[in-house]
Amino acid sequence: GQIANDFGLILFQILRGFLWAGIAYLVTVNIAKGKLWEKVILVGFAVSVGLATPLFVPQEYMPDSIRLGHFFELLIENFLFGVIAAFLFQPKQATKN
């Protein structure tokens, strides 16, 4: 299939995963101050809104039904990724909040 024919795609996806994890780490550990639940929400929005927003705007590459389906899919899926990442990146003493 596609993966066997295009090894660059695998590398791209791995690098993209590290990029989003890096953003989640920076927001959770270095930028966000406050309670744990505030950090979790902030990281969820940080990694989901930026990726999903371009799909909200009509464009010529996808029909509206597909585009909006992907918009909500990416928004929810990446928000959950951000929430999980924020929990995983929390320093031990900060998990008491």
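Author: You're looking at a predicted model, in which local features need pLDDT of at least 70, side-chain atom pairs count only at pLDDT 80 or more, and totals for chains, interfaces and linings use all residues. Residues are numbered from 1 along each chain as its sequence is written, and side-chain values use heavy atoms, leaving out hydrogens and water.

Reader: Okay, how many helices and strands are there in the chain?

Author: Four helices and zero strands, which gives the pattern α-α-α-α along the sequence. Both kinds of element are DSSP runs numbered from the N terminus (helices are H or I with at least four residues, strands are E with at least two).

Reader: Which residues in H2 and H4 meet?

Author: From H2 you get Trp 20, Ala 21, Ala 24, Tyr 25, Thr 28 and Val 29, and from H4 Phe 81, Ala 85, Ala 86 and Phe 89. Contact here means heavy atoms within 4.5 Å. Sorted by class, that makes nine nonpolar, one polar and no charged residues. (Nonpolar covers Ala, Val, Leu, Ile, Met, Phe, Trp, Tyr, Cys and Pro; charged covers Asp, Glu, Lys and Arg; the others, Gly among them, are polar.)

Reader: At what angle do H2 and H3 pack?

Author: About 145°, with the axes 9 Å apart, and the crossing is right-handed. The H2 side of the contact includes Arg 16 and Ile 23, while the H3 side includes Lys 39 and Leu 42. By class there are nine nonpolar, one polar and two charged residues.

Reader: How do H3 and H4 cross?

Author: Their axes cross at roughly 145° and come within 7 Å, again in a right-handed crossing. Among the residues in contact are Val 40 and Gly 44 of H3 and Phe 71 and Gly 82 of H4. The classes come out as 17 nonpolar, four polar and one charged.

Reader: Is Ser 48 buried or exposed, and how do you know?

Author: Buried means under 20% relative accessible area, exposed means over 50%, and partly exposed is in between (1.4 Å probe, protein chains only). Ser 48 has a value of 1%, so it counts as buried. Ser 48 sits in H3 (residues 36-52) and touches Leu 74, Leu 75, Asn 78 and Phe 79, leaving aside residues up to four places away in sequence.

Reader: What about Val 49 and its accessibility?

Author: Val 49 is also in H3, but at 34% it counts as partly exposed. Its C-alpha is 8.4 Å from that of Asn 78, 29 residues away in sequence.

Reader: And why does Leu 88 count as exposed?

Author: Because its relative accessibility is 68%. Leu 88 belongs to H4, and its C-alpha is 9.8 Å from that of Ala 24, 64 residues away along the chain.

Reader: Which residues make up the largest nonpolar core?

Author: It has 10 of them: Trp 20, Ala 24, Val 27, Leu 36, Val 40, Val 43, Val 47, Val 83, Ala 85 and Ala 86. H2, H3 and H4 each supply at least two, and H3 gives the most, with four. Such a core is a set of buried Ala, Val, Leu, Ile, Met, Phe, Trp, Tyr and Cys residues joined through side-chain atoms within 4.5 Å.

Notes:
Axes fitted to C-alpha atoms, helices over the stretch in contact; angles between N-to-C directions. Left-handed = near helix turned anticlockwise from the far one by under 90°.
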